[in-house]
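Please find below my note on the model under review.

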Amino acid sequence: MEIGTDIKRAANYLNEGDVVAIPTETVYGLAASILSEKGIQKIYQLKGRPNNNPLIVHVASIEEISKWVEVWPEKAKILADAFMPGPITLVMPKSNKIPHYVTSGQDTVGIRVPNHPLFVELLKSLPAPLAAPSANPSNATSATQAKHVVSYFKNKDLPYVLDGGACTNGLESTIVGFEKNEVVIYRVGAITIEQIEQWVGKVKRATTKKHTLTPGMFTRHYAPKTPLIMTDDLDAYTKQYPEAHVAILYTGKKKKSSNAKITYINLSESDNLEEVGQKLYATLLALDEQSYDALLIQPFPSTDLGITLNDRLTRATAKK
């Protein structure tokens, strides 16, 4: 595995039908050309990803979207103008130019314009868009730095990691669809529901599999190796298990404990949820290397970005 910033080298691998890891503003991804069935299948194999979980297609500009979708709803255009390039994915009827192996046989495609200069430059150098899920084994914590990708895939057949530094958002894109003139949120993400409703009015949040299946809808996802516990009562847990070696993730004023087995990790002294989003996955991955018995965190307020953070934590704490 090579790591670097050589766009031409990354493009060569992609043009040969191989897979490379790429940086985005959200999380790192494993990318292959949508025209390479071999490359797409390799993504599924590397991740251990179920074949019924479709991939998001990435294009270099808003103008390119029309080439790859059959229908572009008016509200989708409004959201594209408002949030692209950026962490939003729009699910629309796909053009027949997009192979079914990219969309798991579905007639819709999730498509987005990333906001990372290195990735956009790579996309502009290629003859076709890239399909790219997150660069981690299926259900594991997403990678937000190149070193996370290396740690996950160091013994796998991944030839190149395009190093774009730490991801600025740190949370996956919000996935939005359009069903019977309704705007549907399939996956909450870095763009909040409140932000979207400012542009298109009230939206529906998909909670059942009656809706189109998109990334991020499986019950268990984003999970660290160390047991993660989300609870409103941190003291109750530490009193119940006084000998447990735990790390408590929190925001706000600094905390100390007389119990040497408890480590406090501050995700944001100013209670800034965007900062929490930037740090969350990297913090979980770092703590995974330190042999804690459990990681504890309280749920965030159920508004704005707190909804996204609670969604990730709920899925990360779900049973296998």
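This is a predicted model: local features need pLDDT of at least 70, side-chain atom pairs count only at pLDDT 80 or more; totals for chains, interfaces and linings use all residues.

1. Helix α5 spans residues 146–153, and its buried residues are Ala146, His148, Val149 and Phe153. Viewed down the axis of α5, these buried residues fall within an arc of 160°, so they line one face of the helix. In general, an α-helix has 3.6 residues a turn, so residues three or four places apart point the same way.

2. The partners of this buried set come from several elements. The buried residues of α5 pack against the strands β2 (20–22), β3 (29–33) and β8 (160–162), and against the helices α2 (37–47) and α8 (273–287).

3. An open sheet is formed by 4 strands in the order β12-β15-β13-β14, with parallel pairing. The edge positions are held by β12 (228–230) and β14 (262–268); each has a single partner strand, so one side of each is left without a neighbour in the sheet. From one strand to the next, the twist averages 25°.

4. Within this sheet, β13 (residues 246–251) pairs with β15 (residues 294–297) in the parallel sense over 4 bridges. Ile248 stands opposite Leu296 in β15.

5. Helix α8 packs on the sheet and touches β12, β13, β14 and β15. The direction of α8 makes about 150° with that of β14. Helix α8 is also among the elements against which the buried residues of α5 pack.

6. Helix α9, residues 305–317, lies across β12 and β15. Relative to β12, α9 runs at about 130°.

Definitions and conventions. Residues are numbered from 1 along each chain as its sequence is written. Side-chain values use heavy atoms; hydrogens and water are left out. Buried means under 20% relative accessible area, exposed over 50%, partly exposed in between (1.4 Å probe, protein chains only). Helices (H or I, at least four residues) and strands (E, at least two) are DSSP runs, numbered from the N terminus. The arc is that of the directions from the helix axis to the C-beta atoms. Contact means heavy atoms within 4.5 Å. Two strands pair if DSSP finds at least two bridges between them. Axes are lines fitted to C-alpha atoms, for helices over the stretch in contact, and angles run from 0 to 180 degrees between N-to-C directions.
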